[in-house]
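Hi,

Here is the structure I promised to send over. Have a look at it first, and then read on for what turned up when I went through it.

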Amino acid sequence: MRLKNLLGFICLFVSLSASYSQESIELQSVLLQNESLKNADAVVRYDSISVNMSSFDEMKIYKEYTITVLNKAGNSHIDTYEYYNEGRRINSLEISIYNQLGQEIKKYKKRDFIDKSAVPNGTLYSDHRMLYVDYTPTTYPYTLKFVSEIETSNTAYIPSWYFISGYNLSVEKSVYHIAYQKDTELRFKEDNFDGYDIKKISDDNIITYKANSLPAIEREELAPSLLNRIPKIQVASNHFSVNGIEGNASNWNELGQWMYDKILADRTNLSEASVQNVKQLVAGIEDPLIKAQKVYEYVQEQTRYISVQVGIGGIQPIAAEEVDMVKYGDCKGLSNYTKALLEKVGVEAYYTHVEAGSNLVDFDEEFASLAQGNHAILAIPSDNGYLWIDCTSRIHPFNFVGDFTDNRNVLIMKPEGGEIVKTVSYLNEHNSKETIGAYELMGDGGIKGQVEIVSKGIVYDNHFILEGNNHEDLLNYYKEYWGYINNLNLENISFENDKDNVVFTEKVDVSAKKYGSISGSRMIFNLNSFDRNMYIPSRYRDRKSPFEIERGFQHSDTYKIKIPEGYQIEAMPSNESFENEFGSYSFELEKTEDNNLLYKKKFFLKNGIYPKEKYNQYRDFRKNISKLENAKIVLINNS
């Protein structure tokens, strides 16, 4: 009996040892293949998600993610957190850390995770929280294994799947697995599978995608958004639940109709006092767009924004009455509140979901899903389409959304259903900067003069925030903006922000010592003093991706330059002008009758996505511009 027990124990020990040894070997970073290491800051050893949709309102999500981080840059690829709320419960959560030999050096159980609010400011969304681990590695490489199980009733958010989730990240194995009931109608959309080893396996009500040996994509300058290039899967159910509300939708029209009827309904009620207040605000105004502007500016003055993404805080906005009472809200709450105010003064506005951010990400017209979108704005009908307002901004002008939500497909919710519409586009000549300068060049090489900068479009978006800076911050900004001018001194800085026309004007008095370089009887100085475009794209021996000029712009400069007494022009560059598919550039220099100079420049850059084969042509285009932007003139003192 004892011998039998002993033999059983030995077999169990050998089995466990073999299992441990196998896992240890698999996690050893020293055994990584060269193919996985090429262009990689981290290597995903195993990335899987298993979705079990047992009913239209019940779903479990099991995730397992093992990644070897090779260097400090690779830390950006690790995830060490999970969100939870009333409709999303974390059943299990664990992180293990291994050294390069595959030995476990740290382990975090669910109880070891830090619990904090997903919304640091405000209390409207205190039930939206997160568990996370703040791990700081001491050596590289190391391997992190993340395992979690989530249970949720919000089946409208079936996870999408990206087989590669970032630049300089290779993937050894990636698996997407979903199981569902027979009567469940699921929709799938596969994108960018060409060129990758991805297999699909269907077995009754189980679908599995497997990908192996995905090489790292090296980050290249000006490359289009990675999200539009990597292989991904989108999944949605036609029958779903959100926060206990049942839904049925198979396209954007039906989804928008459901949103309007079930999610946004009865959220715009306001107290009688607030209704009378907003009516008094627009009393005597007939034009609905002027009314809308008054209401928008009122919301800017009276409320503040707290950040909660649509995917974290759910899709239903806080009731307008509550936002009116506490005077703050997230994008959903403030958009719905503004919509309620506009409604009370007879202005129609549509609640809108958008994927906001500096990268242009469209709603997929062919695939309706609530998983798309992270922000809410308003669309106001006009004779020329729609006016767009972002109710979270306290500083942007009416009908100007900047680069956060411009030029992308969004979902508008109307009484008759949803509609995919493109927001306003700020492209090419709409993004303009005009720099007008007049300065005197002194006999000792110093300069003194005035500069005026007029900005429109996205350039306005980048410049108008200056009026909120203090004097010290402004000095630091302009010294960096004109970083090529040494010994720069700034005086009398003033701004004019024309919000009605969305035009921002900067006026600055400038001076600098030794701007001109003196050698004997000669002085050399750069003609373009205040708007040099010196950028040259990086050089690539074998470029892999196309390149994108995302929005385009137009810059124009005019400078009047007074040369010192006694000096004459000895050498000056010739006028030049050229144009191609990327844009155009012209450079003019004129010697006036009073022995002064008039400098004019125009630089137009056109937006577009171009094939990789034309990258070197574009680089040469920018090199030529950079050369002319650095053009110099030689003066001689004959006396």
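The crossing of H5 and H8 is right-handed. On the H5 side, the residues that meet H8 are Ala 292, Val 295, Tyr 298 and Val 299. Their partners in H8 are Tyr 337, Thr 338, Leu 341 and Leu 342. Sorted by class, that contact has seven nonpolar residues, one polar and no charged ones.

Before going further, keep in mind that this is a predicted model. The confidence looks like this: the mean pLDDT of the protein chain is 92, and 94% of its residues reach 70 or more. Please be careful with residues 1-22, though, where the pLDDT is below 50. Beyond near neighbours in sequence, that stretch has one contact in the model.

Now back to the helices. H5 (residues 288-302) also packs with H4 (residues 272-281); their axes come within 10 Å and cross at roughly 125°. H4 and H5 are therefore oblique to each other, and their crossing is right-handed. Here Asn 277, Val 278 and Leu 281 in H4 meet Lys 294, Val 295 and Tyr 298 in H5. This contact has four nonpolar residues, one polar and one charged. If you click on Val 295 and Tyr 298, you will find them in the contact with H4 and also in the one with H8.

For the overall picture, the protein chain has 639 residues, and 50% of them count as buried. It holds eleven helices and 37 strands. The C-alpha trace spans about 115 × 70 × 40 Å along its principal axes. Of the contacts between residues at least 6 apart in sequence, 71% join residues at least 24 apart.

Val 175 is in strand S10, which runs over residues 169-180. With a relative accessibility of 9%, Val 175 counts as buried, because the cut-off is under 20%. Leaving out residues up to four places away in sequence, Val 175 touches Tyr 46, Asp 47, Ser 48, Ile 49, Trp 161, Thr 208, Tyr 209 and Lys 210. Gly 329 is 154 residues from Val 175 in sequence, and their C-alpha atoms are 38 Å apart in space.

Asn 533 sits in a loop, the one between strand S29 (522-526) and strand S30 (547-549). Is Asn 533 buried or exposed? At 11% relative accessibility, it counts as buried. Apart from residues up to four places away in sequence, Asn 533 touches Phe 553, His 555, Lys 601, Phe 603, Ile 625, Ser 626 and Glu 629.

Asp 261 belongs to helix H3, residues 252-263. Its relative accessibility is 40%, so Asp 261 counts as partly exposed. From Asp 261 to Leu 598 there are 337 residues in sequence and 63 Å in space, C-alpha to C-alpha.

That's the lot from me.

Cheers

Terms used. Residues numbered from 1 in each chain as written. Predicted model: local features only at pLDDT ≥ 70, side-chain atom pairs only at ≥ 80, totals over all residues. Heavy atoms only, no water. pLDDT = per-residue confidence, 0-100. Contact = heavy atoms within 4.5 Å. Axes fitted to C-alpha atoms, helices over the stretch in contact; angles between N-to-C directions. Helix = DSSP H or I, 4+ residues; strand = E, 2+ residues; numbered from the N terminus. Parallel < 35°, antiparallel > 145°, perpendicular 65-115°, else oblique. Left-handed = near helix turned anticlockwise from the far one by under 90°. Nonpolar A, V, L, I, M, F, W, Y, C, P; charged D, E, K, R; others polar. Buried < 20%, exposed > 50% of the residue type's maximum accessible area, 1.4 Å probe, protein only.
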